[in-house]
Amino acid sequence: MTSPLPSLDALLRRPEADLLLARFGRSATVAALREELARRRGERAFNAPPAAIVDAAADTLARLFAPSQRPVFNLTGTVLHTNLGRAPLPPEAAEAAAAALRQPTTLEFDLTTGRRGERESHVRGLLQRLTGAAAATVVNNNAAAVLLILNTLAPGRDVPVSRGELIEIGGSFRMPDIMARAGARLVEIGTTNRTHPGDYRAALGPGTALLMRVHRANFAISGFTAAVPMGELAAIAHGAGLPCIEDLGSGSLVDLARWGLPHERMPQESLAEGADLVCFSGDKLLGGPQAGLIVGRAELIAQLDANPLKRALRLDKGRLAALETVLRLTLVPDRVAERLPALRLLTRPADEIRAAAARLLPAIEACLPSRDAAIAPCRSQIGSGALPVDLLPSWAVTLGGPGLEQAAAWLRGLPRPVIGRIGQGLLWLDCRCLEAADEASLLDQLSAAIA
Ligand SMILES: *Cc1c(COP(=O)(O)O)cnc(C)c1O
């Protein structure tokens, strides 16, 4: 028995299909119509009007052709929000990345000699100048940096690490797992709260490759604690003829204390205290693109660059261009808090945030009238595992009432979705990351939503 569903050809001849053919092309339109026919055949839904079948295919095509990764308003109160893409780039860096992606560049080309150049050359000098390191290299992210360092310097060998530093950084990065994948043998030493110089000395043996310190980025251990300072750890390593490395996680290149933020350990400090290699992220406090930066002794960096894994972990030209721009902005510390959005948001004065929240309030009230909206003080977080115990005074628009999840879903359903945070029986829209241009476009979007 033949199906009473219309034929593909009959659907393609319908006037509604013309629009789809013009917009999405023949092959995608045919595929969507076929899928829709097959679905209805499978469900034995034979009596749908042909126009409804074309409509359903149009929905499928609209979803398929809509961008999946979309800009949002980050009103979560977490500035470097890993799920929302961490550090927002300064416009100069985004433009440099876009230009590099659109055109051929000198990525690995030396204009003086006309021969092959090195992709790291674009950032190496800047990193050396900013950190005082003798050499530097870059990879895909800081997890890749740790992997590359251990795979280069410690394959099949022992790496003693304090039990207080065997960290997990959100989701998939666990230090013991990365060490195993790098081929290094983790030797756990000390205890969760206290590790002493003697623990490292006792762990040293012929199989030891290096000593490593992992910055406790996303948690704090307080109370009865002891850790070995880098200076002492480096002395123990060097006494045994071994390198000493530090995974800093965030690693700010400028002293955050200058803006009243808690001091975050800087790569230059670690190197000055004796570390031979230090690695840190590009898109945390550095305020740049996703990248893993490694600075330190020239012969160790040369070994990293010679590891075939380096090729698998390398950075693309767009992110290299963005990183180069961000590092150059960082050369002028007096202006970096203005020019780097990540730092600007972290140092934003609370009264300015309060004013933004007050301007947002009436627009939110107009859109969600039954929600007793108000403005309230709150605390923002730096995010990305940085300094989790230090919260920044901020202001939010809050929404109350039952079914907060529905209000949150409504805000997420806007053309540029608004992402807030639910807590203490309220929906919080922390205005720290709502700067002037974004505020204007959010207010426009909200007034359009009720028009
Ligand atoms: C964040 C972090 C990492 C992972 O860095 P990514 O750039 O996210 O890959 C590794 N180690 C520490 C201590 C971190 O804080």
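## Exercises on loops, burial and a domain interface

R44 lies in the loop between α3 (26-42) and α4 (50-65); helices (H or I, at least four residues) and strands (E, at least two) are DSSP runs, numbered from the N terminus. The model is predicted, so that local features need pLDDT of at least 70 and side-chain atom pairs pLDDT 80 or more, while totals for chains, interfaces and linings use all residues. Residues are numbered from 1 along each chain as its sequence is written, and side-chain values use heavy atoms, without hydrogens or water.

**Exercise 1.** Determine whether R44 is buried or exposed, and describe its phi.

*Solution.*
1. Buried means under 20% relative accessible area, exposed over 50%, and partly exposed in between (1.4 Å probe, protein chains only).
2. R44 counts as exposed because its relative accessibility is 63%.
3. Phi of R44 is near 55°, a positive value in a residue other than glycine.

**Exercise 2.** Carry out the analysis for D372.

*Solution.*
1. D372 is located in the loop between α17 (350-367) and β14 (374-383).
2. Its relative accessibility is 58%, and therefore D372 counts as exposed.
3. Phi of D372 is near 30°, a positive value in a residue other than glycine.

**Exercise 3.** Describe the surroundings of T76.

*Solution.*
1. T76 belongs to the loop between β1 (73-74) and β2 (78-80).
2. Because its relative accessible area is 6%, T76 is buried.
3. The side chains of T76 and N74 form a polar contact of 2.5 Å. Such a contact is a pair of N or O atoms within 3.5 Å; within protein, one must be able to donate a hydrogen and the other to accept it, and residues adjacent in sequence count only if both atoms are side-chain atoms.
4. A polar atom of the T76 side chain lies 3.1 Å from the backbone nitrogen of T78.
5. Neighbours within four places in sequence aside, T76 is in contact (heavy atoms within 4.5 Å) with H81, L84, I419, G420, R421 and D430.

**Exercise 4.** Characterise the interface of domain 2 and domain 3.

*Solution.*
1. The domain assignment, automatic or from a database, gives domain 2 as 73-83 + 344-450 and domain 3 as 91-339.
2. Contacts link 13 residues of domain 2 with 17 residues of domain 3.
3. The buried area, the accessible area (1.4 Å probe) that two parts lose on being put together, summed over both, is about 1100 Å² here, with carbon and sulfur atoms giving 69%.
4. Two residue pairs are in polar contact across the interface (both at pLDDT 80 or more).
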